[in-house]
Amino acid sequence: MYSSRVFAVLLLSASLSVAPSLRAQQVTADPALAAEIDRRTAAIADKVTAWRHDIHQHPELGYAEKRTAALVAAHLKALGMEVQENVGGIPGVVGILKGAKPGPTVALRADMDALPVTELVDVPFKSTVRTVYNGQETGVMHACGHDMHTAMLMGTAEVLAGLKDRLPGTVKFLFQPAEEVPPRGGAQPMIDAGVMKGVDGVFGLHVGPGPLGAMRYRAGAISASADGWRIVVHGRQGHGAMPANTVDPIVVSAEIVTALQTIVSRQLDLSKAPAVVTVGAIHGGLRENIIPDSVWMIGTIRAFDAEARRTIHERMKRIATNIAEAHGATADVIVDIGYPSSVNSDAMVAKFFPTLKRVAGAAGATEGDVTMAGEDFSRFSELAPGFFFNLSVTPPNLDPKTVASNHSPLFQGDDRALAVGVRAMTNMAMDFLRSGGAPKPIP
């Protein structure tokens with residue numbers, strides 16, 4: 001039986017053990033610069049916290065982040081940057097900071113959208129926003145921590161703007177909508193609008209459970225591909241007391257839900273890479289004594305292996321249509337190809353993980369495992385060498401092992417992690433520019 005650690009090794013395209021060939025490319029620390037970044041970060045800590053609270057209290061779903069985008073754009077303009085709004089025809093914002101010295105271009109990315117989740121955490125800045133999503137009333141909450149991502153990048157922009165005379169190159173700040181809206185997501189429209197032109201490297205972070213202030217990184221594959229799917233089962237409506245006169249799509253759908261679980265458990269070679277098929281929602285019927293005409297269900301597919309991804313798509317269609325046919329029903333199966341797997345550049349990680357370790361200090365920066373979550377940061381890192389890392393934000397009074405995860409109505413992020421994120425992103429950008437940009441690929 002392979003352990004999760006072995007899976008991690010299998011998915012790592014090049015182990016950090018090959019990093020000695022890149023030691024000459026690693027960045028020499030500048031203690032005076034690091035101290036100046038720390039000083040400037042501490043000076044704006046209250047502002048970053050206030051931004052986070054404001055964004056958290058006013059969450060906006062994907063492609064609707066108009067208020068958040070306006071807040072970001074106003075801040076970047078106040079810093080004297082060139083600012084682009086409505087990038088890609090969506091509420092995307094790009095700030096361009098040109099340093100006083102020539103050099104490469106680095107992009108820093110944050111996502112801005114919230115989720116259709118009703119918040120259950122009793123904090124002073126709790127969200128009370130309501131909306132209708134997929135026909136159901138629900139709350140809206142920054143249950144994935146994008147409020148923290150946005151506030152941290154706003155803070156990073158202010159710190160780096162204050163160091164403009166020491167910047168050897170250009171920084172692009174990418175504030176992206178709709179990360180939570182696969183299959184297309186907000187990254188692709190911004191890329192189509194040209195935001196990655198001339199970019200030599202790209203950094204991003206994501207918050208999550210873990211000891212406060214700790215960071216995790218890894219080279220190679222870091223997150224799974226993410227595809228969406230929808231199945232509609234068509235039966236024949238009738239009286240609930242006379243099922244023989246109907247074709248019950250609820251019963252058919254229940255069988256399909258169960259059978260879909262056998263794709264991963266019985267039809268894939270999991271020694272190559274993990275995969276997931278999840279039914280996220282199912283709906284059919286209106287009252288207790290009516291068998292409905294149809295049932296719809298939606299879900300997600302996660303995979304690392306391209307062949308496994310194709311196999312899941314094919315077998316999902318075969319299972320649903322054949323089960324439906326066996327019961328005299330029909331099934332429409334739609335699979336939306338979504339985000340590719342996010343892959344960190346081996347050379348970027350080898351060159352810049354010492355920067356994370358320096359910033360993390362006692363909290364620590366360690367090599368982490370892959371995750372089945374999807375991320376359209378992958379779109380950016382397909383076009384330039386990328387380095388995406390995780391920042392732990394669990395309040396110290398909670399156990400990181402049992403605390404609610406991202407996407408939970410109980411998810412919490414401690415404000416004290418914000419300064420760590422600002423320092424991390426600022427130092428990564430400065431080290432990238434000071435060292436001449438992206439390193440050579442590992443042979």
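Q: What makes the group of 8 strands that includes E1 and E17 an open sheet, and in which order do they stand?
A: The 8 strands follow one another in the order E1-E2-E6-E3-E7-E18-E8-E17, with mixed pairing, where two strands pair if DSSP finds at least two bridges between them. The edge strands are E1 (82–87) and E17 (365–367), each of which pairs on one side only. From one strand to the next the twist averages 20 degrees. The names come from DSSP runs numbered from the N terminus, a helix (H or I) having at least four residues and a strand (E) at least two.

Q: What kind of model is this, and how are its residues numbered?
A: This is a predicted model, in which local features need pLDDT of at least 70 and side-chain atom pairs count only at pLDDT 80 or more, while totals for chains, interfaces and linings use all residues. Residues are numbered from 1 along each chain as its sequence is written, and side-chain values use heavy atoms, with hydrogens and water left out.

Q: How do you know that strands E3 and E6 pair, and in which sense do they run?
A: Strand E3 (residues 101–111) is joined to strand E6 (residues 168–176) by 8 bridges, and the two run parallel; the definition asks for at least two bridges. Within this pairing, alanine 110 stands opposite phenylalanine 175 in E6.

Q: Which strands does helix H5 touch when it packs on the sheet?
A: Helix H5 (residues 146–162) touches E2 (92–98), E3, E6, E7 (201–208) and E18, where contact means heavy atoms within 4.5 Å. The direction of H5 makes about 160 degrees with that of E3, on a scale where angles run from 0 to 180 degrees between N-to-C directions and axes are lines fitted to C-alpha atoms, for helices over the stretch in contact.

Q: Why is strand E14 called largely enclosed by the rest of the structure?
A: Buried means under 20% relative accessible area, exposed over 50%, and partly exposed in between, with a 1.4 Å probe and protein chains only. In strand E14 (residues 294–303), 8 of the 10 residues are buried, so the strand is largely enclosed by the rest of the structure.

Q: Which strands pair with E14, and over how many bridges?
A: Strand E10 (residues 225–234) is joined to E14 by 10 bridges, and the two run antiparallel. Strand E12 (residues 275–284) also pairs with E14 in the antiparallel sense, over 9 bridges.

Q: Why do E12 and E15 stand at the edges of their sheet?
A: The open sheet of 4 strands has the order E12-E14-E10-E15, with antiparallel pairing. E12 and E15 (330–339) each have a single partner strand, so one side of each is left without a neighbour in the sheet. Neighbouring strands of this sheet are turned by 15 degrees against each other on average, direction ignored.

Q: Why is glycine 139 called buried, whereas glutamate 382 is called exposed?
A: Glycine 139, in strand E5 (residues 136–139), has 2% relative accessibility and therefore counts as buried. Glutamate 382, in the loop between helix H10 (377–381) and strand E18 (386–392), has 54% relative accessibility and therefore counts as exposed.

Q: How do you know that E4 and E5 pair?
A: Strand E4 (residues 130–133) and E5 are joined by 4 bridges and run antiparallel, and valine 132 has glutamate 137 as its bridge partner in E5. Their hairpin has 2 residues between the strands, and in it asparagine 134 takes a positive phi near 50 degrees.

Q: Why is H9 called oblique to H11?
A: Helix H9 (residues 346–360) and helix H11 (residues 417–434) pack at an angle of about 140 degrees, with their axes 9 Å apart. Angles under 35 degrees count as roughly parallel, over 145 as roughly antiparallel, 65 to 115 as roughly perpendicular and the rest as oblique, so H9 is oblique to H11.
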